[in-house]
Amino acid sequence: MNILTLFTASSIALGLFVLPSAFTINGLKRRTGPVEAGTGAGVNSGALSVKCQLHGAARLPAFSMDGDYVIGGVFSIHSTMHTVKHNYTSMPEPLSMDSRELRFSRAMVFAIEEINNSTELLPGITLGYQIHDSCASVLVAVEVAFQLINGLDPVFEKSEKCSQSGMITAIVGESGSTPSISMSRVIGSFDIPQADALAKLVKHFGWTWIGAIRSDSDYGNNGMAFFLQAARKEGICVEFSESFYRTHPLSRIQRVADVIRRATAMVIVAFAAFGDMRILLEELARQPSPPRQWIGSEAWVTDPDLLRFNICIGAIGIGIQQSVIPGLRDFLLDLSPTKVAASPLLTEFWEDAFNCQLQKRGSKDKKMCDGSEDIQKLQSPYTDTSQLRITNMVYKAIYAIAHAIHNVVCQETNSTTLCDRYTRIKSSKVLGQLKGVNFSRNGYHVSFDANGDPVATYEVVNWQKSKSGSIELVMVGQYDATLPAGQRFHISKNLTWAEGSTQVPVSVCTPRCPPGTRKVLQKGKPICCYDCAPCPEGEISSNTDSTDCFPCPKEFWPSAKRDICLPKPVEFLSYDEVLGIILAAFSVGGGCLAIVTAAVFFHHRASAIVRASNPELSFLLLFSLALCFLCSLTFISAPSPWSCMLRHTAFGITFVLCISCVLGKTIVVLMAFRATLPVPLSPSKT
């Protein structure tokens, strides 16, 4: 049977995993030899079975309960493991409990118990659970996943090969993204990363020059790879990209810190796990760097334990939506002495929280618990339910699995829900139902798209200083990938920036080129690094960060800053100017003089002098002279389309006419002088 597993992680909001076939744990399952299946006295039926034996010791769950359908859980309840040096005969023992992770596992138990007590969801069906501690180890997480898939039978028989499927219906976990990714490689996954949302967050505030750091793990490397790919699409350049891990030498951590201190980028994007980020911030706190605007992934930016680092005040990040789960706090605080004593993990938590011992052991540093311990007054990540983010993901994951199982094994008959508790579920059916679940719980909707991915909806969180002087996590906006581009980010509150500033910091390789200039890329530098060159003569650029300049139209010329095209000024003679008045007076005077002369000629047209001067040409000449004088008036005052066309045409015609008349009269006179006089007769010949 294929096993369906459902994972929730700090940076993988809700991932679904399907295993195509069963796997082994702790290496291989040994085949001890064929066994004949007889039908009687030594009669061989021909069917052979393989006897398989499990190698290694199975890991016992931290919390478990039997049920008709069992759900597995994997959480990093302990953050480290310890083993005796140079001793390879004993199993490592976990240390350093993370009470926040304990809350995740207890929230899973709370959700299952809530479903078991429900009469609407899976009535008559009991869900069980097996919750394991991965100790924040990838190897342990994968081993536990194999164990949940295959079961705990030490010896079993199979017809062909040593692979089988356990009774676990689904798996919820891991709270750490790196173990989740490793488990998904075994089982197969689909998810929605936060990398795209972080890239759009950087672009939203206009930052194009950033530094990038990441955990040297599957979470950090894969997440940063997706982020850098999305950042390139948004036109964002990266000055540096450094990786580190909590187990690296101190010199490696110091080198990353020095890179951050020397960086010219104001904005630092950190795709890192909580444990890695804590070590880096501790190193930076020893010798603080110049002000930096931190952009964080959900794995660390929402962790309350890191709020003590003042160098990160103003940090912005993407977080899983917080919620309220009614009854969860009462369930978490309901730890009776019987419950605590029955669970080694709860016993360890109780003793660490109150610094006492429930049972007398060899340690003399701790006193005995006397019953005065009050968990109601305990300030611990376990009891803090003010911001339930990953806890809510665990809670919704359990309900999603329950709804999927309900749709497979339950039927509605006459308004009555009947469920078959003996149905053996195939993972393909559960997976199909899981992709189609659509329900609301405590006011929060749960559904998946056509690809089986949950809706990418995140909160934008900001580290702000409270009135008491401490740093607190404040939800300042939301990111909804279902909205159109440009509307996905909604900032609803004022943000605090680096060093508590109220001004949005600037993080660019080169200041933006103003209008009137164009970008010239710097050789060997990213596209975000360029010089601003002025536009050539006669060209402009009207936009900021223009890549080219453009010439102005014919009727325009560039402004002094070469950022706009201005209409060319119209210069003309005005009647208000001295020169205009003089020219107008001469024009009118000349025209009047020509008209008066023509009138005199007309009055004496019968005289011999007028008749001898060729009156037709004289009148035409005087008329053309009057028009030539008056045409000068069209060159005075503001030009218009009609005046521009008329002035040149009229002046040209009248001037040609005038010259023609003068030339005609000249020819007449010339002809008169060249005329041959008749020769008079002499008297002798008379």
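**Pocket and cysteines**

Guide: The largest pocket holds about 720 Å³ of space, and please keep in mind throughout that this is a predicted model.

Visitor: Which elements give two or more residues to the lining of the largest pocket?

Guide: Those elements are strand S7 (78-82), strand S8 (93-97), helix H1 (99-116), helix H3 (177-187), helix H7 (274-286) and helix H11 (344-354).

Visitor: And how many residues line the largest pocket, and which lie nearest its centre?

Guide: The lining is made of 37 residues, and those nearest the centre of the largest pocket are Ser 79, Asp 98, Arg 246, Phe 274 and Gly 275. Sorted by class, the lining has 14 nonpolar, 13 polar and 10 charged residues.

Visitor: OK, cysteines now. How many disulfides are there in the whole structure?

Guide: A search of the whole structure gives 7 disulfides. One of them is formed by Cys 237 and Cys 528, with the sulfur atoms 2.0 Å apart.

Visitor: Where do Cys 237 and Cys 528 lie?

Guide: Cys 237 lies in strand S14 (residues 237-244), while Cys 528 is in the loop between strand S27 (517-521) and strand S28 (530-534), so this pair ties together parts that are 291 residues apart in sequence.

Visitor: What about the handedness of that one?

Guide: The disulfide of Cys 237 and Cys 528 is right-handed, because the torsion about its S-S bond is about 80 degrees. As for accessibility, Cys 237 is buried with a relative accessible area of 6%, and Cys 528 is buried too, with a relative accessible area of 8%.

Visitor: What is the S to S distance between Cys 356 and Cys 369?

Guide: The sulfur atoms of Cys 356 and Cys 369 are 1.9 Å apart, and the two residues form a disulfide. Cys 356 lies in strand S18 (residues 356-357) and Cys 369 in the loop between strand S19 (367-368) and helix H12 (390-409), so here the parts tied together are 13 residues apart in sequence. With a torsion of about 90 degrees about the S-S bond, the disulfide of Cys 356 and Cys 369 is right-handed.

Visitor: Are Cys 356 and Cys 369 buried or exposed?

Guide: Cys 356 counts as buried at 0% relative accessibility, and Cys 369 counts as buried at 17%, because the cut-off for buried is under 20% relative accessible area.

Visitor: Which residue does Cys 410 pair with?

Guide: Cys 410 is joined by a disulfide to Cys 419, with an S to S distance of 1.9 Å, and the torsion about that bond is about 110 degrees, so this disulfide is right-handed. Cys 410 is buried, with a relative accessible area of 9%, whereas Cys 419 is partly exposed at 21%.

Visitor: What about Cys 658, which is in no disulfide?

Guide: The nearest cysteine sulfur to Cys 658 is that of Cys 628, 5.0 Å away, and Cys 658 counts as buried at 8% relative accessibility. Cys 661 is in no disulfide either, the nearest cysteine sulfur being that of Cys 658, 6.7 Å away, and at 1% relative accessibility Cys 661 counts as buried.

Visitor: Changing topic, where is Ser 574 found?

Guide: Ser 574 is in the loop between strand S32 (565-567) and helix H14 (578-603), and at 18% relative accessibility Ser 574 counts as buried. Leaving aside neighbours within four places in sequence, Ser 574 is in contact with Gly 580, Ile 636 and Ser 637.

Technical notes: Residues numbered from 1 in each chain as written. Predicted model: local features only at pLDDT ≥ 70, side-chain atom pairs only at ≥ 80, totals over all residues. Heavy atoms only, no water. 1 Å grid on protein atoms, 1.4 Å probe; cavity = no way out; pocket = protein on both sides within 12 Å on 5 of 7 lines; lining within 4 Å. Points joined across faces, edges and corners; volume = space filled by probe spheres on them. Helix = DSSP H or I, 4+ residues; strand = E, 2+ residues; numbered from the N terminus. Nonpolar A, V, L, I, M, F, W, Y, C, P; charged D, E, K, R; others polar. Buried < 20%, exposed > 50% of the residue type's maximum accessible area, 1.4 Å probe, protein only. Contact = heavy atoms within 4.5 Å. Disulfide = S-S within 2.5 Å.
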